[in-house]
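Welcome to this tour. Open your viewer, show the model as a cartoon, and get ready to select things one stop at a time.

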Amino acid sequence: MPAVDKLLLEEALQDSPQTRSLLSVFEEDAGTLTDYTNQLLQAMQRVYGAQNEMCLATQQLSKQLLAYEEQNFALGKGDEEVISTLHYFSKVVDELNVLHTELAKQLADTMVLPIIRFREKDLTEVSTLKDLFGLASSEHDLSMAKYSRLPKKKENEKVKTEIVKEVAAARRKQHLSSLQYYCALNALQYRKRVAMMEPMLGFAHGQINFFKKGAEMFSQSMDSFLSSVADMVQSIQVELEAEAEEMRASQQELLSLEEAVYTPDLDAAAPQINRNLIQKAGYLNLRNKTGLVTTTWERLYFFTQGGNLMCQPRGAVAGGLIQDLDNCSVMAVDCEDRRYCFQITTPNGRAGIILQAESRKENEEWICAINNISRQIYLTDNPEAVAIKLNQTALQAVTPITSFAKKQESPCPSQNMKSSEVENDKIVPKAAVIIPEAEQLIAPGTPIQFDIVLPATEFLDQNRGSRRINPFGETEDETFPETEDSLLQQMFIVRFLGSMAVKTDNTTEVIYEAMRQVLAARAIHNIFRMTESHLMVTSQALRLIDPQTQVTRANFELTSVTQFAAHQENKRLVGFVVRMPESTGGESLSTYVFESNSEGEKICYAINLGKEIIEVQKDPEALAQLMLSIPLTNDGKYVLLNDQPDDNDGSPSENRGAESEA
């Protein structure tokens with residue numbers, strides 16, 4: 001082994017600058033060795049810590065392998081072979097854990113402990129001797145300074161003797177400390193080589209013993225077991241690759257679909273709607289009220305199950321019942337400026353939940369499906385066939401007809417009701433008329449409006465001009481002062497079904513055709529919402545009044561009503577044609593269809609009476625003769641149609657509709 005540098009002990013007493021310079025080199029080397037030893041110790045402690053962690057990890061791994069059997073996987077079919085294999089691996093890991101524990105103990109004794117001993121003993125000794133040498137050198141320098149300041153006078157011999165003794169003691173102390181310090185630095189050059197190699201020797205021996213015992217522990221039986229496990233893993237890998245290839249092909253096929261699959265409302269104008277659904281599932285937005293005027297919308301997954309609407313939030317295992325759909329009604333609604341909203345109403349008429357679909361197609365299919373379920377079609381033997389038949393019947397209802405021969409066979413009730421009393425009734429054609437085709441009455445594709453023409457607030461704003469609108473929606477008494485002077489005031493409870501533009505008002509057949517198309521459109525689009533109003537018939541106008549706020553929704557001058565008639569079969573259906581001027585200078589014709597609580601003939605009779613009053617108002621005698629022809633009740637009110645209200649019209653508002661006041 002090559003020789004090492006040394007500090008000469010003979011030069012320790014002289015303490016020359018050359019010796020001090022060489023000493024500084026040794027001190028710098030000792031400092032570098034101290035830093036390196038600390039870093040090496042950290043690395044070795046990390047290895048030892050990792051080995052300890054390996055012991056704990058293998059112990060935990062063995063427990064987890066045994067716990068696989070206790071997991072009760074929902075998809076654990078065919079795991080028996082895996083469980084037996086993991087049990088065997090758990091035993092192997094336990095045996096390995098014993099070896100790892102023994103290796104950790106060897107590393108602590110043969111690797112970490114020697115380097116700690118070297119740092120705490122040798123390096124600490126050098127550091128301590130360095131401090132002692134520095135103190136001794138400082139004391140020697142101070143004593144020499146005192147000695148150098150001694151005077152020449154003989155009377156100071158006693159002081160001189162004391163200082164000389166002090167210098168001798170300091171120099172002896174410095175010499176002793178320097179000799180010890182030099183010896184420690186010289187020995188450190190040998191000890192550092194031993195300290196660097198001894199821990200690694202222990203590390204190597206520990207690893208070799210670990211591997212030897214491991215090789216002895218795992219014999220050829222272990223090799224055969226590992227070989228069988230490798231074959232099983234290989235077969236599973238082959239199955240996985242085949243499945244992955246199949247899934248990649250399916251993925252490419254699914255990704256090659258059209259953009260319509262991803263766009264929620266791509267074909268909003270004319271979507272392909274399936275109206276024969278008896279089951280439906282998908283995401284909808286549910287409206288929740290959080291306060292008096294605040295609401296929130298929550299996106300949830302809804303599906304139908306039998307006659308129930310179910311909801312399943314994300315993360316839930318199963319869905320919960322939201323509403324029973326048997327005998328309920330569903331209709332599209334306008335809600336908070338959101339599109340595609342619909343409301344489900346319970347059989348007793350209470351408003352239910354409000355939902356929002358993501359597209360027009362989804363909205364209409366949900367409405368159709370709920371409507372089919374509410375009819376309890378799902379209880380039939382072949383629900384799909386029944387749904388198809390019902391929807392085909394509704395489609396046939398809007399197929400244009402070419403003749404009104406069937407209607408001509410039975411004359412219109414509105415035309416016969418006064419034939420024996422009023423000879424000049426303009427709505428009763430005495431002679432035979434030529435019945436026009438459906439296209440001559442209403443243009444094909446004419447849109448239908450299913451709500452009142454003017455909202456209450458909008459109508460009041462148009463009639464009042466700049467007058468202040470009552471925030472409670474109440475109409476002031478002077479809004480329509482002509483009702484107080486009207487010779488006729490007749491009130492009926494009606495529900496608005498729809499209105500549409502027509503091409504002619506020369507015949508009442510246009511009203512029948514409008515009724516047919518409005519009812520058919522409501523059936524096809526599953527529109528069940530109807531706006532209830534009070535129809536006030538006066539000798540000047542027809543007024544639609546909100547029954548709750550008494551706000552006038554719409555007002556039609558009686559002179560603008562050119563045709564009116566009741567349905568031939570459904571006695572509660574009534575309609576009239578209104579001729580309104582347009583801003584362009586022309587005129588437009590619109591038919592309004594209503595369902596009344598009383599017979600439609602009564603409404604037609606009241607309208608006819610109002611028009612007659614308008615005609616004879618210029619002749620007082622004719623007017624008096626007309627009013628005398630109407631019988632009075634005991635309380636001085638006029639009775640229309642010479643009969644009493646229907647038995648089913650028992651409400652106060654409906655009874656009031658059977659009388660008129662002059």
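Begin by selecting Phe118 and showing its side chain. Setting aside residues up to four places away in sequence, Phe118 touches Leu33, Thr37, Leu123, Leu188, Arg191, Lys192, Ala195 and Met196. Bear in mind as you look around that this is a predicted model.

**Stop 1: the core around Phe118**

Which residues have the most contacts inside the largest nonpolar core? Select Leu23, Phe118, Val126, Tyr181, Leu185 and Leu188 to see them; the core has 27 residues. Now colour helix 1 (17–67), helix 2 (80–148) and helix 3 (157–217), each of which supplies at least two residues of this core. Helix 2 gives the most, with eleven residues. Apart from this core lies another, of 26 residues, and you can find it by selecting Ile452, Ala566, Val578 and Tyr592, which are among its members. As a general rule, nonpolar side chains in soluble globular proteins tend to be buried together.

**Stop 2: before helix 1**

Next, select Leu13, in the segment before helix 1. Leaving aside neighbours within four places in sequence, Leu13 is in contact with Arg171 and His175.

**Stop 3: the cysteines**

How many disulfides does the structure hold? There are zero. Select Cys341 together with Cys335: the sulfur of Cys335 is the nearest cysteine sulfur to Cys341, 5.2 Å away, and Cys341 is in no disulfide. Cys341 is buried, with a relative accessible area of 2%. Then jump to Cys55, which is also buried, at 8%.

**Stop 4**

Follow strand 12 into strand 13 (residues 573–581): a hairpin of six residues joins them, and they pair in the antiparallel sense over five bridges. Here Ala565 stands opposite Gly575, while the bridge partner of Ala566 is Val574. Ala566 is also one of the residues of the 26-residue core.

Carry on from strand 13 to strand 14, where nine bridges join the antiparallel pair. Select Met580 and Ser588, which stand opposite each other. The hairpin between these strands has five residues, and within it Gly585 takes a positive phi near 105°.

**Stop 5**

Finally, select Thr504, in the loop between strand 8 (489–501) and helix 11 (509–524). Why does Thr504 count as buried? The reason is that its relative accessibility is 13%, and buried means under 20%. The side chain of Thr504 reaches the backbone nitrogen of Asn506 at 3.2 Å. Not counting residues up to four places away in sequence, Thr504 touches Gln440, Leu441, Val510 and Leu589.

Notes
Residues numbered from 1 in each chain as written. Predicted model: local features only at pLDDT ≥ 70, side-chain atom pairs only at ≥ 80, totals over all residues. Heavy atoms only, no water. Helix = DSSP H or I, 4+ residues; strand = E, 2+ residues; numbered from the N terminus. Buried < 20%, exposed > 50% of the residue type's maximum accessible area, 1.4 Å probe, protein only. Polar contact = N/O pair within 3.5 Å; in protein donor to acceptor, adjacent residues only side chain to side chain. Contact = heavy atoms within 4.5 Å. Core = buried A, V, L, I, M, F, W, Y, C linked by side-chain atoms within 4.5 Å. Disulfide = S-S within 2.5 Å. Pairing = 2+ DSSP bridges.
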